[in-house]
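I opened the notebook on a new model today.

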Amino acid sequence: MGTVDEVAEIDNLERGLLSESCGGNEKSEGTDDDTVLYTASFREMEEKFVKYQTAQWVIYSLLLILAWGMGLFMLLYLPVRRYILRKDIQSRKLFLTPNAIVYKVTKPVAFPCFGVLHKEKHVLLPSVADIIIEQGYLQSLFGVYSVRIENAGVRRPPSDDVQIQGIANPRAFKKAVLTQLSHIKSEIVSRQVSTIEDIPSLRLGHSSSPWMSPMKPQRHDLIPGSGDLVLLQKLEEVGNSVKRVQTLIEEKHHSQSSELMG
């Protein structure tokens, strides 16, 4: 239960960050048209998707008939299953925005008379590691592809990766996502480089006045150049040190003479 709560909390945070970044400018479909970079299509794959899911359902039903006999009820439920599948793929919407991948679907529940199920998923682009295109043996027979959005977050389990079936052109979607992700990473790197370049200039600007002030010669007849100024400063420091040593020796000698006289 802890893992489920953490995943739900992260989803809420992602949705909050996305709403802040988009500025809340969402229309009835949930995404501002001006911010949509790519829109995936599912309509072209409706018939293939329904046939693939139907074949998969029939295979499971036949296996369960041989095992427990429950497959017979699954075969009787097949028309309702096909109706749900059509409503599912017709309602699917997949958008790519400058900051996230948005996936929405509205489909009837197992018994359509009890209403519909709404699902909405926001995946921030910085958390995307890769877009995986998969196709199993049965999917290849019907020309159906699965797209898995691989998550780069360390707190999420691998099973929490978003998996979507029935995209008409999965390679175009992958290219659009990776291109936008590369653009975001390039912007981050350029900002870091500009920040690093600005730091030395700021330090130089603050430290120029104290370093440059001693370089101004006060007496041109004694200090013809900056090298002479440095040499004179060193000589003054040595002279001061010698004077302090002489003072200590004189104080020690005076104290010893006072003790002998006493």
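I count two residues as in contact when they have heavy atoms within 4.5 Å. The model is predicted, and I read every value below with that in mind.

Entry: whole protein. I took contacts between residues at least 6 apart in sequence, and 60% of them join residues at least 24 apart. I found 7 helices and 7 strands. I wrote down their order from the N terminus as α-β-α-α-α-β-β-β-β-α-β-β-α-α. I then looked up burial: 27% of the 262 residues are buried. The accessible surface came to about 17800 Å². Carbon and sulfur atoms hold 60% of that surface.

Entry: strand S3. I asked how many residues of S3 are buried. I got 7 of the 9 in residues 100–108, so the rest of the structure largely encloses this strand. For that call I used under 20% relative accessible area as buried. I also kept a general point in mind: side chains in a regular strand alternate between the two faces of the sheet.

Entry: partners of S3. Which way does S2 run against S3? I found S2, residues 93–96, paired antiparallel with S3 over 4 bridges. A hairpin of 3 residues links S2 to S3. I looked up Leu 94 and found its bridge partner in S3 to be Tyr 103. Next I turned to S4, residues 116–124. S3 and S4 also run antiparallel, joined by 9 bridges. Here I noted Val 105 opposite Lys 119 of S4.

Entry: summary. I have S3 bridged to S2 and to S4, with 7 of its 9 residues buried.

Definitions and conventions: Residues numbered from 1 in each chain as written. Predicted model: local features only at pLDDT ≥ 70, side-chain atom pairs only at ≥ 80, totals over all residues. Heavy atoms only, no water. Buried < 20%, exposed > 50% of the residue type's maximum accessible area, 1.4 Å probe, protein only. Helix = DSSP H or I, 4+ residues; strand = E, 2+ residues; numbered from the N terminus. Pairing = 2+ DSSP bridges. Areas by Shrake-Rupley, 256 points an atom, 1.4 Å probe, with all protein chains shown as cover.
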